[in-house]
Amino acid sequence: MQDELAELVSRVIGPRIAHDALRLFGTNPATGAVSYGFLHGFPATLLDAQLTDFYGGGDPFGPADITRLPTSTGILGVDRSGAGHRQATRTLHAHGAGSELRLMLREGLTRPWGLLALLREKSTRPFDQDDARQLSQLTEPLIALLRGYATTSPAPRAPSRFLPPGVVLVGSDDQVRSISAQARSWLEQIHPEQGLAPRWMPEVSMREIVLAARRHTLDPGAPPALALSPAAFLGRRIAVHAQCLDESGQGEVAVVLQEATGALLLPAYAAWHSLTVRETEAVERLCSGATPQQIARLMGVSLHTFNGHLKNVFRKTGVSGRDELIASLNY
């Protein structure tokens, strides 16, 4: 089960920071959109209620603001001075929780990797700044964990057939209005009964991407609604993106599910594998079908330098050559 990863992280953190529940979310590091996640003891009903706070501005430390916040840690349920804190505290208390400690996982100030949240019940001591300092020391190991997960191939299964893009239309009340036949095929592939997706995931993920699209329409600086799950999460790389059909962000939303391959995958793939800007450019041009000589000329470098970039890419991604590299972006 996917949530076993959250249980493992909880056991490691527990001796340092006592907690009653944990959730770990990974984002598309190229867009900041929440793309996959794991829960351990964390009520799915609380998570669903928090989504409205996250994307509606009723939460002072939500994933939609991961690259904007001046600090990487935040405590909810203690400081109730601001409207956002009051709403977040009400949401926690309504679900039996007393306080929540969050750690934004980001490299520098711009590349978002995800979010770790610890929960304590009402009857236990609230989190404090000492807990926050201890948790912040785990930023690099947790990013390394998410990076490793994103670059791990899933266990061998029966080959999955290629699915064309599918569309789900969501109404202004955030309820599904219609689903194309292709989208139904996608939803069947990623249903928890297939043995990979956590049981809480389908409904929460659909709600999250819709709310992210509404938030981005009203606030273009917020992460665009383009989630991209690694192959280890659902057995295949899946891109889910959403777009509001009106300028107000209050009407219908179109959600597209499709294979994450090629140019759609490359920005996240480059981040997962720590490719530099020039290495990413080399891969992009290689996938276009240009010859090494043409690419070197377009990049303004020697053929020797271009080949050096490719060798670095092969080493970082673990592929043996150009054909395998292109295949890894298009399987």
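This report covers a pocket, a helix, a serine and the cysteines of a predicted model.

## Basis

The model is predicted: local features need pLDDT of at least 70, side-chain atom pairs count only at pLDDT 80 or more, and totals for chains, interfaces and linings use all residues. Residues are numbered from 1 along each chain as its sequence is written, and side-chain values use heavy atoms, with hydrogens and water left out.

## The largest pocket

The largest pocket has a volume of about 660 Å³. Its lining counts 36 residues, and the closest to the centre are Pro202, Glu203, Ser205, Met206 and Arg207. A pocket here is an open set of points on a 1 Å grid over the protein atoms alone, where a 1.4 Å probe fits, with protein on both sides within 12 Å along at least five of seven lines; lining residues have an atom within 4 Å of a point. The volume is the space filled by probe spheres set on the points, which are joined across faces, edges and corners.

Helix H7 (201–218) gives the most to this lining, with 10 residues. Other elements each supply at least two, including strand E2 (34–40), helix H8 (231–234) and strand E10 (253–259). Helices (H or I, at least four residues) and strands (E, at least two) are DSSP runs, numbered from the N terminus. By class, the lining has 24 nonpolar, 6 polar and 6 charged residues. Ala, Val, Leu, Ile, Met, Phe, Trp, Tyr, Cys and Pro count as nonpolar, Asp, Glu, Lys and Arg as charged, and the others, Gly among them, as polar.

## Helix H11

Helix H11 spans residues 292–299, and its buried residues are Pro292, Ile295, Ala296 and Met299. They sit on the same side of H11, because they cover an arc of only 100° around the axis. The arc is that of the directions from the helix axis to the C-beta atoms. Buried means under 20% relative accessible area, exposed over 50%, partly exposed in between (1.4 Å probe, protein chains only).

The buried residues pack against helices H10 (277–287), H12 (303–317) and H13 (322–330). Arg297 and Leu298 are exposed on the face turned away. Glycine 300 follows H11, with a positive phi near 70°.

## Serine 185 and the cysteines

Serine 185 lies in helix H6 (residues 181–189). Serine 185 is buried, at 19% relative accessible area. Leaving out residues up to four places away in sequence, Serine 185 touches Arg161 and Leu163; contact means heavy atoms within 4.5 Å.

The structure holds 0 disulfides, a disulfide being a pair of cysteine sulfur atoms within 2.5 Å. Cysteine 244 is buried, with a relative accessible area of 10%. Cysteine 287 is partly exposed, at 35%.
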